[in-house]
Amino acid sequence: QVQLVESGGGLVQPGGSLRLTCDASGTSIRSYSLDWHRQAPGKQRELVAAISIGGKTGYTDSVKGRLTISRDNAKNMIYLQMNNLKPEDTAVYYCHLADKNYWGQGTQVTVSS
């Protein structure tokens with residue numbers, strides 16, 4: 001059974017940083033594309049960052065230069081480094097194993113002074 005467990009969310013002031021972690025179990029992530037999505041209150045879930053099997057990354061325009069997705073196949077972990085956070089980044093962030101459409105339970109990120 002594949003499980004994705006996110007952690008690292010919390011409350012941070014504008015301009016601050018967080019590092020989200022997604023711990024995968026039940027399968028090796030090395031054969032899959034992975035991504036992070038987020039859902040803010042009252043809004044649709046949106047893709048924010050993706051990483052291919054070969055490590056190529058892509059980002060939605062609103063987070064370019066501030067968020068960085070990475071993967072550690074040996075540890076079966078996916079990361080999202082979030083810098084210079086803004087109030088509009090407030091959302092629940094979800095890890096997603098794209099090829100099999102597996103989702104984690106999400107971790108809340110709140111950016112507020």
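1. Aspartate 61 counts as exposed, with a relative accessibility of 61%; here exposed means over 50% relative accessible area, buried under 20%, and partly exposed in between, for a 1.4 Å probe and protein chains only. Aspartate 61 forms a salt bridge with lysine 64, and the closest N and O atoms are 3.0 Å apart. A salt bridge is taken as a side-chain nitrogen of Lys or Arg within 4 Å of a carboxyl oxygen of Asp or Glu.

2. On provenance, this is a predicted model, in which local features need pLDDT of at least 70 and side-chain atom pairs count only at pLDDT 80 or more, while totals for chains, interfaces and linings use all residues. Residues are numbered from 1 along each chain as its sequence is written, and side-chain values use heavy atoms, with hydrogens and water left out.

3. The search of the whole structure finds four salt bridges. Arg38, Glu46, Arg66 and Asp89 are linked in a network of such bridges. Within this group, glutamate 46 and arginine 38 meet through their side chains at 2.7 Å, N to O. Glutamate 46 is partly exposed, at a relative accessible area of 32%, whereas arginine 38 is buried, at 6%.

4. Aspartate 89 and arginine 66 also form a salt bridge, again given as 2.7 Å from N to O. Aspartate 89 lies in the loop between strand S8 (77–82) and strand S9 (91–97), and arginine 66 in the loop between strand S6 (57–59) and strand S7 (67–72), so the pair ties together parts that are 23 residues apart in sequence. Both aspartate 89 and arginine 66 are buried. Strands are DSSP runs (E, at least two residues), numbered from the N terminus.

5. The largest nonpolar core has 28 residues, and those with the most contacts inside it are Trp36, Ile78, Leu80, Met82 and Tyr93. Strands that each supply at least two residues of this core include S3 (18–25), S4 (34–39), S5 (46–51) and S11 (107–111). Such a core is a set of buried Ala, Val, Leu, Ile, Met, Phe, Trp, Tyr and Cys residues joined through side-chain atoms within 4.5 Å.

6. Four strands form an open antiparallel sheet in the order S1-S3-S8-S7. Strand S1 (3–7) and S7 are the edge strands, each pairing on one side only. Two strands pair if DSSP finds at least two bridges between them; six bridges join S3 to S8. Threonine 21 has tyrosine 79, in S8, as its bridge partner.
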